[in-house]
Amino acid sequence: MGKELLKPDFIFESSWEVCNKVGGIYTVLSTRAKTLQDEMKDRIVFIGPDFWQEKESPYFKEDKSLFAEWQWEAKENGISVRVGRWTIPGEPIAVLVDFKPFFEKKNEIYGWLWEHYQVDSLHAYGDYDEASMFSYAAALVVESFYNHYLLKTNKRVIYHANEWMCGLGALYINNVLPQIGTVFTTHATSIGRSIAGNQKPLYDYLFAYNGDQMADELNMQSKHSIEKQTAWHVDCFTTVSDITANECKELLDKPVDVVLPNGFDNSFVPKSTVFAKKRKAARKRLLEVANALLGENLTDDTLIVSTSGRYEFRNKGIDVFVEAMNRLLRDKELKKKVLAFIEVPGWVGEPRKDLQERLSSGKSFDTPLEVPQVTHWLHNMSHDNVLGMMKYYDMHNRKEDQVKVIFLPCYLDSKDGIMDMTYYDVVLGNDLCIYPSYYEPWGYTPLEAIAFKVPCITTDLAGFGLWANKEIGHYGEIEDGVKVIHRTDYNYSEVADAIKDTVAQFSGMSQKQVDECRKHADALSKKALWSEFIKYYYEAYDIALKKADARMKEVNK
């Protein structure tokens with residue numbers, strides 16, 4: 001038997017997305033929190049940026065009595081924090097820190113970073129400064145809290161930093177509090193995402209790319225520099241999938257110590273009777289929106305499909321989704337009408353008044369609105385990628401078209417003015433979800449889909465797709481609940497055809513076959529629960545704590 005793992009007595013975890021819902025990392029942390037909170041009982045503290053200050057945040061409930069003495073002391077030392085609970089399952093403790101006061105020390109902080117770790121902050125632009133000042137402030141929170149409560153104890157402590165945005169803080173802790181074990185997770189390398197986003201082939205040439213050289217070419221020196229140095233200097237370097245582990249090895253020249261796959265917490269998924277009711281409500285709403293926009297009565301037999309995620313047109317495969325829907329228009333094998341939604345937040349202006357009026361009238365319509373492809377007006381209608389591609393292909397949702405594509409370019413937070421439902425309430429109304437990603441370190445959207453019993457299509461360039469293949473034992477087919485398409489740098493057209501064929505195949509399935517697909521999707525999602533994946537985190541904590549122990553023995557010699 002292997003030796004017992006060292007377990008942390010206390011964990012600090014920082015991320016730009018703690019109590020700040022902007023992307024997939026929010027989902028990683030907020031669904032994992034309950035599993036750790038059950039184990040650690042308030043000995044895990046999440047640290048995030050304080051954007052709300054005096055305003056009420058939907059994600060955070062302040063509690064001035066928590067660590068009251070320390071809060072006062074931190075303020076005395078120039079660290080302005082608010083302590084409370086993150087309003088997610090498990091309600092873990094969260095500390096929000098105001099990082100703005102540190103901007104005036106920016107050059108001094110960057111000087112220290114260069115001197116100790118050769119991090120190049122000279123080329124910084126965009127969100128680099130903001131992220132770095134937050135990261136520094138988060139580390140000061142940990143230092144102050146540690147000195148107040150934990151210094152005289154023998155407690156084992158972990159500091160877990162997420163993404164390059166928290167790298168500076170991890171290096172600071174590494175330097176100032178060597179007794180703390182540091183873990184760093186990159187959810188995607190900044191340079192890999194940039195190569196993919198700049199239309200360069202990432203995978204065939206991965207072995208030949210030099211990360212530092214590409215950072216110069218793509219003007220990413222500072223982000224790449226902080227990410228690389230953090231990867232090299234923390235006690236345990238991790239990422240979220242085998243595909244990104246390979247990217248780290250090639251672009252950061254550092255293999256990861258552990259892969260931490262992203263799990264899911266199915267307390268978000270409604271139970272049976274509520275589930276059926278919610279699914280019905282979602283379908284009803286989607287069909288109402290389609291009727292008001294298209295002036296066509298689509299029956300409940302319509303196949304509702306969607307794609308969603310961040311608006312990275314190529315990386316998330318939104319381009320290939322539109323391509324596949326266009327080809328499906330002419331597919332003889334299609335047995336049902338298809339209503340396809342692209343649920344991707346764009347540069348949204350406002351919900352369409354004409355559409356709102358139609359929806360609130362409660363009537364049914366038989367004439368379309370103008371521009372029947374979009375639910376909200378955008379600031380950049382003439383330069384939007386989705387609308388531009390639909391226009392190029394002459395996809396205008398005509399009456400005779402068997403496939404209708406609607407762009408829903410907003411966050412589904414139940415307050416968008418058209419759907420007025422949350423994403424999780426909308427997703428379970430789908431028959432099929434499609435995520436043909438080109439660049440996807442893990443892939444939460446397909447995992448969420450199958451957790452809500454919706455079969456999905458993804459690719460083997462998504463970490464989740466590779467994981468699904470491994471669990472299924474072969475390339476996933478739609479009958480398995482997840483269809484995994486082989487995708488390379490160059491086979492865009494084949495991927496579009498594979499999606500088209502799978503949707504056509506699904507449209508011809510009997511109710512019994514569809515129920516089987518849904519059952520398999522549900523069963524597969526259970527294998528990706530946090531209860532299954534949390535063990536990898538304990539492995540990472542163990543590696544970091546052992547390194548910290550060894551370091552302290554050296555110091556105390």
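**Questions on a predicted chain**

Biologist: Among contacts in the chain between residues at least 6 apart in sequence, what percentage join residues at least 24 apart?

Modeller: This is a predicted model, in which local features need pLDDT of at least 70, side-chain atom pairs count only at pLDDT 80 or more, and totals for chains, interfaces and linings use all residues. Residues are numbered from 1 along each chain as its sequence is written, and side-chain values use heavy atoms, leaving out hydrogens and water. A contact means heavy atoms within 4.5 Å. Of the contacts between residues at least 6 apart, those joining residues at least 24 apart make up 74%.

Biologist: What is the radius of gyration of the chain?

Modeller: The radius is taken over C-alpha atoms, and the globule rule is 2.2 Å times the number of residues to the power 0.38. The C-alpha trace spans about 80 × 50 × 50 Å along its principal axes. For 557 residues a compact globule would have a radius near 24 Å, and the chain agrees, with 24 Å.

Biologist: How many helices and strands does the chain have?

Modeller: Both are DSSP runs numbered from the N terminus, helices being H or I of at least four residues and strands E of at least two. The secondary structure comes to 19 helices and 17 strands.

Biologist: At what angle do helix α4 and helix α5 pack?

Modeller: Axes are lines fitted to C-alpha atoms, for helices over the stretch in contact, and angles run from 0 to 180 degrees between N-to-C directions. Helix α4 covers residues 128-150 and helix α5 residues 167-176. Their contact includes Tyr136 and Leu140 of α4, and Tyr172 and Ile173 of α5. The axes are 7 Å apart, and the packing angle is about 35 degrees.

Biologist: Is Trp232 buried, exposed or partly exposed?

Modeller: Trp232 lies in helix α8, residues 221-233. Buried means under 20% relative accessible area, exposed over 50%, and partly exposed in between, with a 1.4 Å probe and protein chains only. Because its relative accessibility is 45%, Trp232 counts as partly exposed.

Biologist: Which residues does Trp232 touch, not counting those up to four places away in sequence?

Modeller: The C-alpha atoms of Trp232 and Lys254 are separated by 6.8 Å, although these residues are 22 apart along the chain. Beyond four places in sequence, Trp232 touches Leu252, Asp253 and Lys254.

Biologist: Which residues of helix α9 are buried?

Modeller: Across the chain of 557 residues, 60% count as buried. In helix α9, residues 242-251, the buried ones are Ile243, Thr244, Ala245, Glu247, Cys248 and Leu251.
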